[in-house]
Structure formats: C-alpha cells, structure tokens
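Here is a note for a colleague who is opening this structure for the first time. The points below can be read side by side with the sequence and the model.

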Amino acid sequence: MAGQDAVKTAARTLDLLEAFAKARGPLSLTEIAQRINTPISSCHSLVRTLQARGYVYVLDNRKRVYPTKRLLAVANAIARHDPLLEKLAPILEELRRDTGETVLLGKRQDDHVTYLEVIEGTHIVRYTSSPGDTKPLHSSTIGKATLGLMAPAERAALVARIALPRVTPNTVTDRDALLAEIERSAARGWYETRGENIADVMAISVSFRILDEGLGVALAGPISRMTENFDAYLARLKQAQAAFEALNASFEGR
C-alpha cells in the first residue's frame with residue numbers, strides 16, 4: 001500500500017502542476033481539488049509540501065496558490081543536459097527552418113511513443129503538440145518508424161499484444177495489415193500517416209539510431225500542404241536522417 005500511495009501522490013503532484021498550466025492563473029484549494037479530482041485535505045497537504053520546498057507560493061488575497069519559477073529553473077537545467085537533445089537540436093531546428101512544418105522527435109516506450117522534442121512549424125495553420133505527449137504506435141508515424149527499427153519477430157510479438165484502437169476512421173487496426181505496412185515502409189526507408197491519429201493531419205517520418213538508441217523524426221502538417229510539398233519534404237527529411245547517422249558515426253569513432 002505504501003508503494004501505491006507514493007505513486008498516487010506523484011500522479012497528483014503532476015496533475016496539480018498541469019492544472020496550473022491549463023488555468024494560467026492562481027487557483028484556490030477548492031479549485032485545485034475540483035480540477036484534479038482530489039479531496040481538499042489531500043490538496044492542502046500537497047500544496048504545503050510544495051510550498052515548503054519553494055515550488056509554489058500562496059497569495060494573501062483570497063489564499064490562492066501559484067507556482068514559483070523554481071520548477072522552470074529545474075526544468076531548464078534538466079533540458080540543457082539532455083544526452084540526446086543537445087546533440088540533435090541543431091539538425092531539428094534546421095529541418096523546421098527549411099520546411100516550415102512542425103518537427104517531432106520521438107522514442108518508443110514499450111507500447112507507445114513519447115515525444116522528446118516538438119518544434120512547432122511557422123505556418124499559421126500547423127500541427128501542434130508538446131514534448132512529453134504520448135501517441136499510439138499504430139496510428140502515429142513515429143510509432144511506425146520505431147516499430148520499423150525492431151527485428152521482425154520482435155515486432156510481430158509486440159503488435160500481437162498491444163491494443164490497436166481506432167483513433168480515427170483512417171486508423172489501421174488490423175494486425176496483419178499493420179505489420180505488412182511496416183515491412184513495406186522499412187524497405188523503402190520512410191513512414192507516413194494520413195489522418196490516422198488526427199483526421200486532417202499527415203506526417204512523414206524516418207528512423208535512425210544514435211548512441212545505441214532508436215529514434216524517429218517526423219514532419220507533420222495539414223494533409224493538403226504535406227501532399228503538395230511531399231517530394232521536397234521527404235528529401236529534406238532524408239537529409240536530416242543522413243546528418244543523424246553521420247553524427248552517430250562520429251560518436252562511435254571516438
């Protein structure tokens with residue numbers, strides 16, 4: 001039970017911080033409790049702990065709570081020393097600059113993909129997401145790209161055990177069809193989704209390994225614009241892939 005309580009407390013702490021991000025302003029204990037579906041007594045203990053550690057402060061007027069910049073300072077220190085992003089960031093930035101589309105970097109975490117970096121496009125109409133967002137393997141282009149890095153037997157075993165929910169009407173939910181698509185995509189060297197995770201969004205991706213870690217990088221945007229610029233976007237994405245592979249070779253040669 002102690003372990004379960006610790007997990008619940010950790011989850012509530014994250015829920016509380018995300019509640020402030022959505023509210024974009026101070027919240028009372030009652031408002032916090034409502035937003036994270038937690039008893040006020042538990043919220044009070046959580047806030048008192050965070051206040052003692054310097055992560056939140058209480059405004060005297062109406063006793064509202066708001067985070068300090070301590071969390072930002074901690075997050076910036078972590079981000080500056082990410083073992084992957086500090087090496088890949090220049091290539092990702094150039095890819096966004098040259099295409100104007102949203103650039104996504106992701107890694108498979110068991111049965112889903114977690115975005116490690118999201119650099120939003122410069123177009124007014126663009127795909128938006130955030131680092132830390134998770135996506136299903138079967139309906140996201142980076143999910144497919146990271147499946148493509150796996151050995152066929154290992155990939156088949158994973159696809160056999162994971163759920164394949166229909167996210168949109170275009171989502172591939174047949175296991176054999178998904179495996180066949182991954183095999184074709186791996187052979188040609190790139191992957192795509194057309195409205196499989198979000199109905200009007202298309203994404204193309206490639207996979208690569210760096211520092212022994214399998215990753216996927218994608219360009220995502222409205223289907224019409226992605227289709228119109230497909231050849232140019234794919235060529236630029238392959239250039240980025242080559243840059244990643246050259247970077248990895250330089251590490252291995254040391």
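1. A residue is called buried when its relative accessible area is under 20% and exposed when that area is over 50%, with partly exposed used for what lies in between. By that scale Arg194, with a relative accessible area of 35%, is partly exposed, whereas Glu192, at 18%, counts as buried. These two residues form a salt bridge, in which the closest N and O atoms are 3.3 Å apart. Please keep in mind throughout that this is a predicted model.

2. Arg236 is buried, at 12% relative accessibility, while Asp98, with a relative accessible area of 40%, is partly exposed. A network of salt bridges links Arg97, Asp98 and Arg236.

3. A further salt bridge is formed by Asp110 and Arg161, whose closest N and O atoms are 2.6 Å apart. Asp110 lies in the loop between strand E3 (102–109) and strand E4 (112–119), and Arg161 lies in helix H7 (residues 152–161), so the pair ties together parts of the chain that are 51 residues apart in sequence. Asp110 is partly exposed, with a relative accessible area of 43%, and Arg161 counts as exposed, at 53% relative accessibility.

4. Which residues of H7 and H8 make the contact between these two helices? Helix H7 and helix H8 (residues 175–188) pack at an angle of about 145 degrees, and their axes are 10 Å apart. The crossing of H7 and H8 is right-handed. On the H7 side the contact is made by Arg155, Ala156, Val159 and Ala160, and on the H8 side by Arg175, Leu178, Leu179 and Ile182. Sorted by class, the contact of H7 with H8 has 6 nonpolar and 2 charged residues, and no polar ones.

5. Strand E7 (residues 201–210) is largely enclosed by the rest of the structure, because 9 of its 10 residues are buried. On one side of the pairing scheme, E7 is joined by 4 bridges to strand E6 (residues 191–194), and these two strands run antiparallel. Within that pairing, Tyr191 has Ser205 of E7 as its bridge partner. E7 is also joined to strand E8 (residues 213–222), again in antiparallel fashion, by 10 bridges, and here the bridge partner of Ala203 is Ala220 in E8.

6. The two hairpins made with E7 can be read together. The hairpin of E6 and E7 has 6 residues between the strands, and Gly195 takes a positive phi near 65 degrees there. The hairpin of E7 and E8 has 2 residues between its strands, and Leu211 in the turn has a positive phi of about 55 degrees. As background for such values, most residues other than glycine have a negative phi.

7. Is helix H6 (residues 141–148) mostly covered or mostly open? H6 is mostly covered, as 8 of its 8 residues are buried. The buried residues of H6 include Lys144 as well as Ile142, Ala145 and Leu147. Elsewhere, Lys8 has its place in helix H1 and is partly exposed, with a relative accessible area of 45%. The C-alpha atoms of Lys8 and Ser28 are separated by 21 Å, the two residues being 20 residues apart along the chain.

Key: Residues numbered from 1 in each chain as written. Predicted model: local features only at pLDDT ≥ 70, side-chain atom pairs only at ≥ 80, totals over all residues. Heavy atoms only, no water. Buried < 20%, exposed > 50% of the residue type's maximum accessible area, 1.4 Å probe, protein only. Salt bridge = Lys/Arg side-chain N within 4 Å of Asp/Glu carboxyl O. Pairing = 2+ DSSP bridges. Axes fitted to C-alpha atoms, helices over the stretch in contact; angles between N-to-C directions. Left-handed = near helix turned anticlockwise from the far one by under 90°. Contact = heavy atoms within 4.5 Å. Nonpolar A, V, L, I, M, F, W, Y, C, P; charged D, E, K, R; others polar.
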